[in-house]
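These notebook entries record what I looked up in one structure.

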Amino acid sequence: MRTRPDFLPYALPYLDESEEQAVLEVLRSGWLTTGQRARQLEQDFCAYTGAKHAVAVNSCTAAMHIVLAAWEIGKGDEVITTPLTFCATIEAIEYVGATPVLVDIDPETANIDPAQIEQAITPRTRAIMPVHYGGLPCEMDAILDIAARHNLLVLEDAAHAAGATYKGRKIGSIGHATAFSFYANKNMTTGEGGMMTTNDADLADKCRILSLHGISRDAWKRYTATGSWYYEVQALGFKYNMPDVLAAIGVCQLRKLDAMNARRQQIAAQYHRAFGEMDFLTPFPPTLPSDRTHVWHLYTILLNLDALRIGRDAFIEELKVRQIGVSVHYIPIHYHPHYRRYGWRRGDFPHTEAYYARTISLPLYPSMTDADVADVVEAVADLGKAHRR
Ligand SMILES: *Cc1c(COP(=O)(O)O)cnc(C)c1O
């Protein structure tokens, strides 16, 4: 077996001189926190997604929290989402005092199964939070239809899905509100950061106020020449605003987003071709729905454990020995100690659990070379051969 001389990281941001220059400009301007750059990123993001309004914040978690708070979801309310997500989705629900309700995934897409959403609705249900797992949009028409019939908010967790489309429309312009992440390993990044988008002006206003201490509109201007010293705290808000130093990175990243996603799609196609010929695994998803575009935040394979003498965890360890950085998305929410309080049990979400037991996330990012891709394919193929049952 051949091993790479250097470790191939699981993820890397795609940065060049444009981000460096943009950050320098902000540093030299004397205005480091929320200001013109954050406003520009919001406007650019609206233009890009087709959303009418955008509020830049310092994480996707923050974006989800302020949307639920602005919608006045709280104690006694239920919010439906998926167990195959990052804990942040559930945390946002808990921050407002509401109760998370989980429904299983559709095993063909790893996205929340709309048919099961319908069954989980009670008189207390207030919102649905679909997660576009890996960068593949959920079945939004079915979800929006359920929401309309039951008068529910649809808040999309689009942490993986910047640039993805559903029936020709960009994610961010479809549901009542959408939350994006610009965390360091996401399809576009500001290091830490996030964005909420909506077509609802009232919701956007409320979120903007909540994102900066509950202070009345244009609070950030109070130290500028055109701003006023006077402000009013109108609600219990949060310190979630995005600083201009980071927004400047976001403006550059957004300009490159389509090109970065195109390279992700290219690599995913190479992986799919190569892995499609290996009988000890299934490249995921097995088929791509034709009415949406996948932006491949994650590239995952599902091991056919019956064909192998080693388990998923050992397979990961051997990939690491081969200098390939990998990850797992996600440890199901109900497996975590904190979430025992909701009474979920192993076996409650069989599709999520089966997915978790078999999945490995492989490196996929724009700066990977074709040789890097070939190294990953070769390492996986070698391990499959070495450990075939
Ligand atoms: C990364 C991620 C988040 C959290 O994003 P932050 O910007 O770090 O708050 C939420 N949901 C999913 C599915 C994610 O992958």
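**Entry 1**
Helices, as I use the word, are DSSP runs of H or I with at least four residues, strands are runs of E with at least two, and both are numbered from the N terminus.

I found that the side chains of arginine 39 and glutamate 42 meet in a salt bridge, at 2.8 Å from N to O. The term salt bridge requires a side-chain nitrogen of Lys or Arg within 4 Å of a carboxyl oxygen of Asp or Glu. Both arginine 39 and glutamate 42 are buried. Buried stands for under 20% relative accessible area, exposed for over 50%, and partly exposed for values in between, with a 1.4 Å probe and protein chains only.

I note here that the model is predicted: local features need pLDDT of at least 70, side-chain atom pairs count only at pLDDT 80 or more, and totals for chains, interfaces and linings use all residues. Residues are numbered from 1 along each chain as its sequence is written, and side-chain values use heavy atoms, with hydrogens and water left out.

I next looked up helix α6 (residues 140-150), in which aspartate 145 and arginine 149 lie four residues apart, about one turn of the helix. Their salt bridge has its closest N and O atoms 3.0 Å apart. Aspartate 145 is partly exposed at 39% relative accessible area, and arginine 149 is partly exposed at 49%.

In helix α9, glutamate 317 and lysine 320 are three residues apart, about one turn. The closest N and O atoms of their salt bridge are 3.8 Å apart. Glutamate 317 counts as partly exposed at 45% relative accessibility, and lysine 320 is partly exposed at 41%. I also recorded a network in which salt bridges that share partners join Arg4, Asp6, Asp372 and Asp375. The structure holds 18 salt bridges.

**Entry 2. Aromatic rings.**
How many aromatic pairs does the structure hold? I noted 17 aromatic pairs. Rings of Phe, Tyr and Trp (its six-membered ring) pair if their centres lie within 6.5 Å; planes under 30 degrees apart count as stacked, over 60 as edge-to-face and the rest as tilted. Tyrosine 271 and tyrosine 299 form a tilted pair, 4.7 Å centre to centre with 45° between the planes. Tyrosine 271 lies in helix α8 (residues 244-275) and tyrosine 299 in strand β11 (residues 299-303), so the pair ties together parts that are 28 residues apart in sequence. Tyrosine 271 and tyrosine 299 are both buried.

I also found a cluster in which ring pairs link Phe86, Tyr133, Phe284, Tyr330 and Tyr355.

Arginine 312 sits over the ring of tyrosine 356, 4.7 Å from its centre. Arginine 346 sits over the ring of tyrosine 335, 3.7 Å from its centre.

**Entry 3. Helix α10.**
Which residues of helix α10 (residues 350-358) are buried? I listed Thr352, Glu353, Tyr355 and Tyr356. They cover an arc of only 160° around the axis, which puts them on the same side of α10; the arc is that of the directions from the helix axis to the C-beta atoms. These buried residues pack against β10 (281-284), β11, α9 (312-321) and β12 (359-362), where contact means heavy atoms within 4.5 Å.

I then followed threonine 352, which is buried at 0% relative accessibility. Leaving aside neighbours within four places in sequence, threonine 352 is in contact with Pro83, Leu84, Asp104, Ile105 and Pro332.

**Entry 4. Helix α3.**
Nine of the 11 residues of helix α3 (residues 60-70) are buried, so the helix is largely enclosed by the rest of the structure. Among them I noted Cys60, Met64, His65 and Leu68. The buried residues of α3 pack against elements including β1 (53-57), α4 (87-95) and α7 (201-211).

Conventions:
A charge sits over a ring if NZ of Lys or CZ of Arg is within 6 Å of the ring centre and within 35 degrees of the ring normal.
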